[in-house]
Amino acid sequence: MSRRKDILVIGDAHAHPDYDNSRFELAGKLARKLKVDVVVDMGDWFDMPSLVSHNRGTYLAEGRRVEDDLAAGHDADHQFKRGLRGHSAALVQLGGNHEHRL
């Protein structure tokens with residue numbers, strides 16, 4: 001009989017260039033403390049406000065840059081891995097609720 005797997009599920013993290021990413025390090029520390037085997041990212045790790053189509057042409061879109069969004073997401077990933085500090089857990093990343101058009 002195989003051993004059970006401990007799983008940490010993170011839903012809609014939304015790393016955003018205007019918000020502090022220290023919560024991602026805390027999530028990594030939690031995964032390490034709980035010694036989880038698998039971390040499931042339910043999607044939307046990157047918020048990507050620069051690509052929100054319903055804000056196009058409004059003041060909410062002013063100054064938004066894809067580069068800033070990507071940097072925030074990558075920083076969140078770095079923070080999470082820093083929190084894990086050597087604990088190895090499988091990472092499963094789901095796609096989120098992005099709209100895809102053909």
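**Salt bridges, rings and a patch**

Lys81 and Asp77 both sit in helix H2 (residues 66–84), four residues apart, or about one turn of the helix.

Trainee: Is this model predicted or what, and what do Lys81 and Asp77 form?
Mentor: The model is predicted. Lys81 and Asp77 form a salt bridge, with their closest N and O atoms 3.0 Å apart.

Trainee: Why would two side chains pair like that?
Mentor: Side chains of opposite charge can pair when their charged atoms come close.

Trainee: Is Asp77 buried, exposed or partly exposed?
Mentor: Asp77 is partly exposed, with a relative accessible area of 23%.

Trainee: How many salt bridges are there in the whole structure?
Mentor: A search of the whole structure finds five.

Trainee: Which residues are linked with Glu25 in a network?
Mentor: Lys29 and Arg82 are linked with Glu25 in a network of salt bridges.

Trainee: Back to the start of the chain. What does Asp6 form a salt bridge with?
Mentor: Its partner is Arg4, and the closest N and O atoms are 3.1 Å apart. Asp6 is partly exposed, with a relative accessible area of 23%. Arg4 counts as exposed, at 62% relative accessibility.

Trainee: What about Asp37, where does that lie?
Mentor: Asp37 lies in the loop between H1 and E2.

Trainee: Buried or exposed?
Mentor: Asp37 is buried, because its relative accessible area is 18% and the cut-off for buried is under 20%.

Trainee: What is Asp37 in contact with?
Mentor: Leaving aside neighbours within four places in sequence, Asp37 is in contact with Arg3, Arg4, Lys5, Asp6, Ala89 and Ala90. With Arg3 there is also a polar contact, side chain to side chain, at 2.5 Å.

Trainee: How far apart are Asp37 and Lys5?
Mentor: In sequence, Asp37 and Lys5 are 32 residues apart; in space, their C-alpha atoms are 5.8 Å apart.

Trainee: New topic, rings. How many aromatic pairs are there?
Mentor: The count comes to two aromatic pairs. One of them is Phe24 with Trp45, a tilted pair at 4.9 Å centre to centre, with 55 degrees between the planes.

Trainee: Where do those two lie?
Mentor: Phe24 lies in helix H1 and Trp45 in the loop between strand E2 (38–41) and H2, so the pair ties together parts that are 21 residues apart in sequence. Phe24 and Trp45 are buried.

Trainee: And what kind of pair do Trp45 and Phe80 make?
Mentor: Their ring centres are 5.7 Å apart and their planes are at 85 degrees, so the pair is edge-to-face. This pair links distant parts of the chain, as Trp45 is in the loop between E2 and H2 while Phe80 is in helix H2, 35 residues apart. Phe80 is buried, and so is Trp45.

Trainee: What do Phe24, Trp45 and Phe80 form?
Mentor: Phe24, Trp45 and Phe80 form one aromatic cluster.

Trainee: What is Gln79 in contact with?
Mentor: Apart from neighbours within four places in sequence, Gln79 is in contact with Asn21, Ser22, Phe24 and Glu25. Two of those names have come up already: Phe24 is in the aromatic cluster, and Glu25 is in the salt-bridge network. Gln79 is in helix H2 and counts as buried, at 11% relative accessibility.

Trainee: Last one. Where is Ser88 found?
Mentor: Ser88 is in the loop between H2 and strand E3 (90–93). Ser88 is exposed, with a relative accessible area of 65%. Its C-alpha atom is separated by 8.8 Å from that of Val38, although Ser88 and Val38 are 50 residues apart along the chain.

Terms used
Residues numbered from 1 in each chain as written. Predicted model: local features only at pLDDT ≥ 70, side-chain atom pairs only at ≥ 80, totals over all residues. Heavy atoms only, no water. Salt bridge = Lys/Arg side-chain N within 4 Å of Asp/Glu carboxyl O. Buried < 20%, exposed > 50% of the residue type's maximum accessible area, 1.4 Å probe, protein only. Phe/Tyr/Trp six-rings, centres within 6.5 Å; stacked < 30°, edge-to-face > 60°. Contact = heavy atoms within 4.5 Å. Polar contact = N/O pair within 3.5 Å; in protein donor to acceptor, adjacent residues only side chain to side chain.
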